Amino acid sequence: MPHQQLISELESIVRRDPAKRGLIAPDGEGPGRGELARAASFFAPDFDISGVGLITGFFIPSNRQGDHENEIAKQHTILECRNGHAETDGPPGTVVLADVLANLRIPTSIITDELCEPVVLAACNAAHLQAVKVLASPIDRQRSAAWRTQVLSTTPISQITHFVAIERVGPGYAHPEHAENQPAPATDQQNGQPGPSGWQPGHCCNMRGESIDAFSADLHLMIESAKARNPRVNVIGIGDGGNEVGMGRFPKEELVSRIISPNAHRIPCRIPADATIVAGVSNWGAYALAAAIAVQHDRVDLLERHSAAAQQQLLERIVSEAGAVDGITRRNEPTVDGLPFLTQIQPWIAIRKCLGLNP
């Protein structure tokens with residue numbers, strides 16, 4: 001089967017919506033159709049790649065610590081306000097993609113923040129990922145700015161030509177449309193600071209429309225800084241809910257109309273990308289991109305060790321060893337976006353079958 005036809009088949013496998021997020025229609029239509037082939041083209045054998053930065057980690061505060069509680073959390077140290085863990089979606093797919101890139105001799109780093117670092121490290125350890133370095137940004141804005149400046153001037157990050165954001169929250173729009181009969185969030189119009197509601201347009205929000213700025217480093221600024229230094233830097237986004245880095249590639253109005261949430265107007269991320277893969281689960285998008293890259297390089301064998309059984313073991317380890325939680329249920333259990341393992345692993349099994357690999 002020709003590469004492009006096979007990559008199209010891979011995309012169709014991951015464009016389903018069992019978690020009912022709303023971006024993908026039952027027939028597979030919706031934002032992101034055709035983007036897997038575009039994303040994979042940036043990793044073609046003849047493409048100039050000096051380094052890749054994979055950005056992942058989505059922190060899930062427990063007990064609905066958004067809005068007003070978010071502001072309270074900002075007044076305490078990270079250790080005091082850390083009541084939650086990174087979710088199970090993102091790191092599993094990231095390590096498969098990282099392993100493929102590393103084995104193609106492409107310098108690859110995984111970038112996250114200090115609250116998500118334990119889960120990301122656990123995923124790397126479970127996958128025996130030795131050739132990939134993990135970097136973690138502080139949450140505090142001043143410390144993260146200094147960290148970002150230092151890291152961007154240090155090899156190998158200074159040589160990155162490709163960023164891939166996998167299930168990584170990004171800031172929304174400055175002036176979102178508000179739901180009918182819902183008052184606009186109280187903000188100080190002069191300085192843009194949150195008012196009593198604790199929510200401000202332009203903040204990072206979870207699937208419930210709650211601000212999670214206090215729990216998320218501003219890693220999108222790393223992408224913007226790198227792109228400002230080198231406009232040829234390529235950015236790929238992978239997401240499933242509309243609030244992830246890369247979703248700014250699509251019209252905000254389309255995302256709002258599709259997102260299934262009473263707070264849909266708060267959720268869309270404004271950060272664009274050169275290609276954005278939309279899948280029913282972000283892990284699936286990362287699996288599909290890893291598979292598409294392997295296909296282009298005629299190295300499908302690189303995916304062999306990442307079997308369904310290996311992914312199950314990885315998922316169980318990040319839950320038991322690092323406290324990873326399901327992003328929808330908030331429970332510390334080996335599920336992803338409310339889907340039991342046997343459901344959420346089916347697209348990966350289908351991808352492997354497509355490539356002639358055992359489950």
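Which residues is Ile351 in contact with, leaving aside its neighbours within four places in sequence? The views below come from a predicted model, in which local features need pLDDT of at least 70 and side-chain atom pairs count only at pLDDT 80 or more, while totals for chains, interfaces and linings use all residues. Residues are numbered from 1 along each chain as its sequence is written, and side-chain values use heavy atoms, with hydrogens and water left out.

**View A. Surroundings of Ile351.** Beyond its neighbours within four places in sequence, Ile351 is in contact (heavy atoms within 4.5 Å) with Leu10, Ile13, Val14, Tyr287, Ala288 and Ala291.

**View B. The largest nonpolar core.** A nonpolar core is a set of buried Ala, Val, Leu, Ile, Met, Phe, Trp, Tyr and Cys residues joined through side-chain atoms within 4.5 Å, where buried means under 20% relative accessible area (1.4 Å probe, protein chains only). Of its 112 residues, Phe43, Val164, Leu289, Leu303, Ile351 and Leu355 touch the most other members. Helix α10 (residues 282-296) gives the largest share of this core, eleven residues; helices (H or I, at least four residues) and strands (E, at least two) are DSSP runs, numbered from the N terminus.

**View C. Thr112 in strand β4.** Thr112, which lies in β4 (residues 108-113), is buried with a relative accessible area of 0%, and its side chain reaches the backbone oxygen of Thr56 at 2.9 Å. Leaving aside neighbours within four places in sequence, the contacts of Thr112 include Gly57, Val120, Leu135 and Arg168.

**View D. Helix α6 and its cover.** In α6 (residues 117-126), the buried residues include Val119, Val120 and Cys124, and what covers the buried residues of this helix includes β1 (52-56), β4 and α11 (308-322). After α6 comes His128, whose phi is positive, near 55°.

Terms used. Buried means under 20% relative accessible area, exposed over 50%, partly exposed in between (1.4 Å probe, protein chains only). A polar contact is a pair of N or O atoms within 3.5 Å; within protein, one must be able to donate a hydrogen and the other to accept it, and residues adjacent in sequence count only if both atoms are side-chain atoms.
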